[in-house]
Amino acid sequence: MSILMISGMTATSCIGRGLEQTLAALHGRRSGLAPCAFRDMVVDTWVGEVAGVDDEKIDADLRDFNCRNNRLAQLALSQDGFADAVEAAVSRWGRRRVGVFLGTSTAGMLRTEWAFRHRDAVSGQLPAEFVYAGTHSPYSLTEFVRRKLGLEGPAVAVSSACSSSAKVFASAQRMVDYGLIDAAVVGGVDSLCATTLYGFESLGLLAKEPCRPFSGDRAGISIGEAAAYMLVERMAGPQGREAVWLLGVGESSDAYHMSSPHPQGLGARLAMERALVSAGLGPEHIDYINLHGTGTVANDAAEAIAIANVFGTATPCSSTKGATGHTLGAAGALEAAICVLAIQNDFMPSSPYTGPRDQSLEINYISQNQGGAISTVLSNSFGFGGSNCSLIFGRPI
Amino acid sequence: MHPVYVEGIGVLGPGMESWQEAVCLLKGEHAYLPGKTILSPPESLPPAERRRASRGVMAALQVGYAACTMAGVLPAEPASVFASSGGDGDICNAICSALAADDHLISPTQFHNSVHNAISGYWGIATGAMAPSSVVSAYDGSFAAGLLEAVSLLVSLRTPVLLVASDQDYPFPLSAVRPVPDIFAVALLLTVTPHPGKSLAQIRIAGDLPFAELPGQAMSDLLLDDLSRAIPAAGCLPLLQSIARQDTGNIVLVYLPSQYLVLEVAPCR
């Protein structure tokens, strides 16, 4: 595969609006998780809510898209000069040669939940203000961002649960290789809603305290919300030494169970091995692994086995979900951005809450931030339905 | 653009139970009579998954198996692309209705079946396929978006790719805001090189800007044309008609708002 240059990037989650705040929080090992006080939801858990989302005003011509998910999408889009970077890519390649590939697991589900609570007492109809295409449809996010950025290239929503916004990188990379586009906006947006909060509660997977991935006393996930985007482009002329690239992608299916990972991490292992092959790298080239690391007993155990099988026990690893929560369909893109920040700033972020080490997990899980030259990083994202994706970012070796 | 080849087709929809039947309808040998979609769940799904899987999942698996069988490909082998406009309408309706009634005890099975990639997950469990599987959506253009994803995946991996596009009806009240009349599912088994005597048709994305601002011609059978517009996955019908009739020429598919996708289609035998 050809490698893609990352020429724009931004991320907004409960640890910050934009990259500067995100980086400061990671450096300070600050968590954005807090006891759940989202709307009227009564769940004994901690969540990573983004402040100020509902203050965003949606332009009149895009009012059909007005829902929390798209407000979060817009809030994030206005950070870090991302829209300007996209406009520069448009001037390089043309509006129809820049694609949009965005991941989401629930799109504007919160708005649908609202609509069901406001059905007409007689007819049972949903309220007239509810716009299915602009809020409920998985594609609503992609079309909203496409219009905000004025792009006319291929566009798609990827909705494969918690791997969604990692898999968008693979889709965009293939379409560049195929020759249909020269650049792409990739990313993911997911926002809090009752369906995911009560749904994960029903599965018994929500931690009652901030999640503690890979600790011996881990007790489940903390749900967060986030929006993160990258602008990726095919190589155009000589680049500076500072540029970070998408070097490899690997995808697999567990073919095992709808909501439990393969106990030996077989699908996860395949995704990581395929990412290494596509990047032309060996396991020894990876300096740091940003784990899927949700904090459930089964997920972390399976991922640790897969990591140990591919990388051995020395490669430094951590999950940043203790800081951001598990942002579901946005997690792949958010953690991709964290990986690029790690490379640009020469540090490996550890989780704010590490707890006692789980001695049965034989990987090098870092309990403190670590400095040092980091040139190549792997990020894991795994989802329900056994959907696995690993991404490799770095500078070409 | 690099062409791809169709080696197997499965289709299921209202008044259309198989590709063999669809060929007769699309060639105009029999008149198309709209009916209800009739499911025949595949035997290969393990009993527990048969109990858990929804009718939308069953329809998608059924056409996926049919396309693989026709192409002589083991279902575990191909990489896959699953395209759908919406997720599972019955489950979405059940969860939203329960939440609106302040019943917060969502069924765990319903919750994990509510993900948009449930079909991809069940396909993997049923077939043992561990290959990459993409799950894409583009509202009314979901079939075309799935085809673009499948073609680029195929050219990247150079191993067969199974494209499955499917959609299903919502119960009321979502049916009033998204009126999809019934289940429709289609599967194409695509290869990167032709196999003489086996490949049915060649599909090529029309150039590096394969977009048109106007839709293609309506299908000559008005009831089939209605079907192709009523269910997003049935947007494949103009392409299937071209394959069935062994036509050579351009096909225009519904894709994004005010943006249609142009394909060059030619028969292989």
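In chain A, helix H4 (residues 109-117) and, in chain B, helix H4 (residues 89-100) have axes that come within 8 Å and cross at roughly 60°. H4(A) is therefore oblique to H4(B), a class for angles that are not under 35 degrees (roughly parallel), over 145 (roughly antiparallel) or 65 to 115 (roughly perpendicular). On the side of H4(A), the contact is made by A:Thr112, A:Glu113, A:Phe116 and A:Arg117, and on the side of H4(B) by B:Cys96, B:Ser97, B:Leu99 and B:Ala100; two residues are in contact if their C-beta atoms, placed from the backbone, lie within 7 Å.

This is a predicted model, in which local features need pLDDT of at least 70 and side-chain atom pairs count only at pLDDT 80 or more, while totals for chains, interfaces and linings use all residues. Residues are numbered from 1 along each chain as its sequence is written, with chains lettered from A and ligands numbered from 1 in the order in which they are written.

I turn now to strand S9 of chain A. Strand S1 (residues 4-13) of chain A runs antiparallel to S9(A) and is joined to it by eight bridges, with A:Gly8 opposite A:Leu231. Strand S7 (residues 183-190) of chain A also pairs with S9(A) in the antiparallel sense, over eight bridges, and there A:Val189 stands opposite A:Ala227. Pairing requires at least two DSSP bridges between the strands.

Conventions
Helix = DSSP H or I, 4+ residues; strand = E, 2+ residues; numbered from the N terminus. Axes fitted to C-alpha atoms, helices over the stretch in contact; angles between N-to-C directions.
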